[in-house]
Amino acid sequence: MSELKEALSKEYYKEPAPIPQSDSPFASMMERFRFAADILDLDEGVFQYLSTPEKVVMVAIPVTMDDGRIEVFEGYRVIHNSILGPSKGGIRYAEDVHLDEVKALAAWMTWKCACVNVPFGGAKGGVRVDPKKLSMPELERLTRRYTTNMFEVFGPDRDIPAPDMNTNEQIMAWIMDAYSMKSHKNDTAVVTGKPIILGGSKGRREATGRGVITTTLAALSKLKISPSDASIVVQGFGNVGSVSAQLIYEQGAKIIAISDVSGGYYNKNGIDIPKAIHYSQTNGYSLEGFDGAEKISNKDLLELECDVLIPAAKEDQIDKDNAGNIRAKIIAEGANGPVTANADKILEENGIMVIPDILANAGGVTVSYFEWVQDRHGYFWTEERVNRRLNRMMREAFDNLFTVSEKYSITLRQAAYVYSIDRVATTLKLRGIYA
Ligand code: NAD
């Protein structure tokens, strides 16, 4: 069991989506697009088309447990839209996964891929299970049966899963193998987030943090702030936070505060990030006891005066209660949903530029796309090539959204939805409705 826990908590790239909060996540998700649809003067029929998932599949997954009993789990896959290409989205294993949530997250993936010009549609999957209660063999049997039941849904040209909450490289390897056994060929491109030896991509672990920093550098240049003069605060020191901190540190910026669950660490002269990463990695992934800075609370950390604040921990960190106290010029959303909807308005009034999660942390899905491309070619790129192409796509995406935000005088978040919806709607217009 500890082996499984360790495997599930290992640092690796995921395609996690936000945790929807309302009782009806899908309805609230679509509500957020009304604004963009109004700006685009979207036809009511097209709005309805974009509000409706293309395919919703629910399967029973019987598993023979180690003690010989049969347990039946429920599995879902929702394809929100595939007009831009095969659909893409993670699979989460959690006891409280439910269809409405999966539908909302599938739609979110449509916008996320469209926003960075990745030629994929949006999907999401889930199984109602607490994987920590299963042994490794039980988890493998569950994954293989889920894959088999989804054989007509998944496919390199149809729908491509990836890791999300409580799923990892090993689970992707089992999906790839089970699918390939059924198709009688090596279909490595059917999932992304695989181990590199099975057709995963180099640069994947750092991809999300790298995208956060590419877009942050683009935003700094718009504000005419040189990275070497910039002061940075990073909340969360896991995969996204530590990679973001390291990459901007390499640009000469001064990282004045970092944090993790153990608290905040502040040094007005700048924190030695390589030292902090080494400390955390050799201290059970915790900054507790780090001596290169003075201890502050996570609340105070968010309210520090700085050029860039990178919330890279979890959702709902900046809400209506603390938004007015934020003294950053730029917020780059490394995490999913760190700023609540009612905080957005306050930040906008205070002239703070927010690089929305849908853009800022899309480096991960972009390198997933590269993984799929490499698998289909059977030719694997150097890390340098992956990073170069990632930087280019993220920079272009930022510039596109910036142009849209200026054109309509709207925030970058609103621009992200306007841009994505317009892209999907324009493609629909060209392709037409199949009759
Ligand atoms: P992680 O588990 O590696 O790291 C999370 C970090 O946040 C840890 O250092 C943890 O100690 C810290 N943390 C948790 N609660 C905190 C709190 N209240 N205050 C301060 N620090 C706190 O996770 P990650 O993979 O880096 O993901 C972070 C966020 O980014 C999540 O919202 C995730 O959905 C999102 N995201 C991650 C990826 C990816 O590729 N890993 C891609 C897109 C989005």
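Helices, here runs of at least four residues, and strands, runs of at least two, are taken from DSSP and numbered from the N terminus. The model is predicted. Asp41 sits in the loop between helix 2 (25–39) and helix 3 (44–51). Its relative accessibility is 68%, so Asp41 counts as exposed, the cut-off for that class being over 50%. The phi angle of Asp41 is near 55°, a positive value in a residue other than glycine. Most residues other than glycine have a negative phi. Ser409 also has a positive phi, near 50°. Ser409 belongs to the loop between helix 14 (383–408) and helix 15, and with 64% relative accessibility it counts as exposed.

The protein as a whole contains 15 helices and twelve strands. For 435 residues, a compact globule would have a radius of gyration near 22 Å; the value for the protein is 21 Å, which agrees. Taken along the principal axes, the box filled by the C-alpha atoms is roughly 60 × 55 × 45 Å. Among contacts with a separation of 6 or more, 70% are between residues 24 or more positions apart.

Of the 435 residues, 59% are buried. The accessible surface amounts to about 18200 Å², and carbon and sulfur atoms hold 50% of that area. As for charge, there are 50 positive and 58 negative side chains, and the centres of these two sets are 4 Å apart.

The interior comes next. In soluble globular proteins, nonpolar side chains tend to be buried together. Here the largest nonpolar core has 87 residues, and those with the most contacts inside it are Leu42, Trp111, Ile232, Ile258, Ile310 and Leu359. Helix 15 (residues 412–431) supplies the largest share of this core, ten residues. A second, separate core has 27 residues, including Tyr93, Phe154, Met172 and Trp174.

Apart from neighbours within four places in sequence, Ile310 is in contact with Val212, Ile213, Ile232, Val233, Val234, Gln235, Ser244, Ala332 and Gly334. One of these, Ser244, falls within the span of helix 8 (residues 239–250), the helix where Ser242 is also found. Ser242 has 9% relative accessibility and therefore counts as buried, the limit being under 20%. Beyond its neighbours within four places in sequence, Ser242 is in contact with Gly236, Phe237 and Ile277.

Gly289 lies in the loop between helix 9 (273–281) and strand 9 (294–296). The relative accessible area of Gly289 is 49%, so this residue is partly exposed. Not counting residues up to four places away in sequence, Gly289 touches Tyr265 and Tyr279. Gly289 and Trp108 are 181 residues apart along the chain, and their C-alpha atoms are separated by 39 Å.

Asp344 is part of helix 11 (residues 341–349). With residues up to four places away in sequence set aside, Asp344 touches Val339 and Arg413. Asp344 and Arg395 are 51 residues apart in sequence, and from C-alpha to C-alpha they are 23 Å apart in space.

How values were computed
Residues are numbered from 1 along each chain as its sequence is written. This is a predicted model: local features need pLDDT of at least 70, side-chain atom pairs count only at pLDDT 80 or more; totals for chains, interfaces and linings use all residues. Side-chain values use heavy atoms; hydrogens and water are left out. A nonpolar core is a set of buried Ala, Val, Leu, Ile, Met, Phe, Trp, Tyr and Cys residues joined through side-chain atoms within 4.5 Å. Buried means under 20% relative accessible area, exposed over 50%, partly exposed in between (1.4 Å probe, protein chains only). Contact means heavy atoms within 4.5 Å. The radius of gyration is taken over C-alpha atoms; the globule rule is 2.2 Å times the number of residues to the power 0.38. Accessible areas come from the Shrake-Rupley method with a 1.4 Å probe; for residues, only the protein chains shown count as cover. Lys and Arg count as positive and Asp and Glu as negative; His and the chain ends are not counted. The place of a charge is taken as NZ of Lys, CZ of Arg, CG of Asp or CD of Glu.
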